[in-house]
Amino acid sequence: RRPVLLEAIAVVGTTGAGVLVVQRLDRFSREPLTAALAECELRKNGASLVCADGAGSGDDPTSELIRGILLSVARFEKALIRSRIKAALAVKRSRGERVGAPPYGFRAEGKALVSDAEEATVKERIRVMRASGMTIRAIQEQATAEGLRNRMGNPFTIAAVHALVTRAA
């Protein structure tokens with residue numbers, strides 16, 4: 001799930017660069033396993049990881065220990081961030097505030113949800129297809145053929161069609 005990191009490692013391999021420089025170790029990865037796999041790929045390409053702040057740079061045992069500690073701290077920070085976000089969302093829900101994107105077919109206007117005519121038409125078309133007995137896959141293919149698009153302007157995925165017809169029931 002880190003396409004830019006994978007691309008950077010690939011560039012190091014194809015160009016023969018000797019190092020991959022990152023701003024700080026926690027910007028490289030907040031997961032020790034991901035960092036270890038990425039460092040292994042760098043070593044396979046004859047390169048090493050260097051932090052611009054100097055912390056944990058190098059291949060000696062002390063640098064490896066520091067890297068391990070810093071990655072553990074980064075993982076801890078990630079868990080703290082996740083728990084703070086979860087708590088903040090729980091507070092919003094307890095106040096009756098909406099969290100997340102509005103359901104397909106609606107848009108948010110302030111704190112209220114109002115029907116979105118264009119999305120409602122698309123949603124109704126998908127529901128009519130389901131009511132006629134079409135499978136989810138067939139609906140997805142037909143919706144793509146008809147040019148029906150999701151909020152982002154992309155064709156509907158099977159999961160999105162399933163969610164739309166399930167919520168309709």
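Me: Hi! Which residue stands opposite Ala108 in E4?
Reply: Leu113 in E4 stands opposite Ala108. Strand E3 (residues 106-109) and strand E4 (residues 112-115) pair in the antiparallel sense over four bridges; strands are DSSP runs of at least two residues, numbered from the N terminus, and helices (H or I) need at least four. Two strands pair if DSSP finds at least two bridges between them.

Me: What sort of model is this, and how are residues numbered?
Reply: This is a predicted model, where local features need pLDDT of at least 70, side-chain atom pairs count only at pLDDT 80 or more, and totals for chains, interfaces and linings use all residues. Residues are numbered from 1 along each chain as its sequence is written, and side-chain values use heavy atoms, with hydrogens and water left out.

Me: Thanks! What's in the hairpin turn?
Reply: E3 and E4 have two residues between them, and Gly110 in the turn has a positive phi of about 70°.

Me: Switching topic: how many salt bridges are there?
Reply: The count is 13, taking a side-chain nitrogen of Lys or Arg within 4 Å of a carboxyl oxygen of Asp or Glu. One of them joins Arg75 and Glu31, at 3.5 Å from N to O.

Me: Where do Arg75 and Glu31 lie?
Reply: Arg75 is in helix H4 (residues 61-94) and Glu31 is in the loop between helix H2 (25-28) and H3, so the pair ties together parts 44 residues apart in sequence.

Me: And Glu146, which residue does its side chain meet?
Reply: Glu146 meets Arg125 in a salt bridge, 2.7 Å from N to O. Glu146 sits in helix H6 (residues 136-146) and Arg125 in helix H5 (residues 117-131), 21 residues apart.
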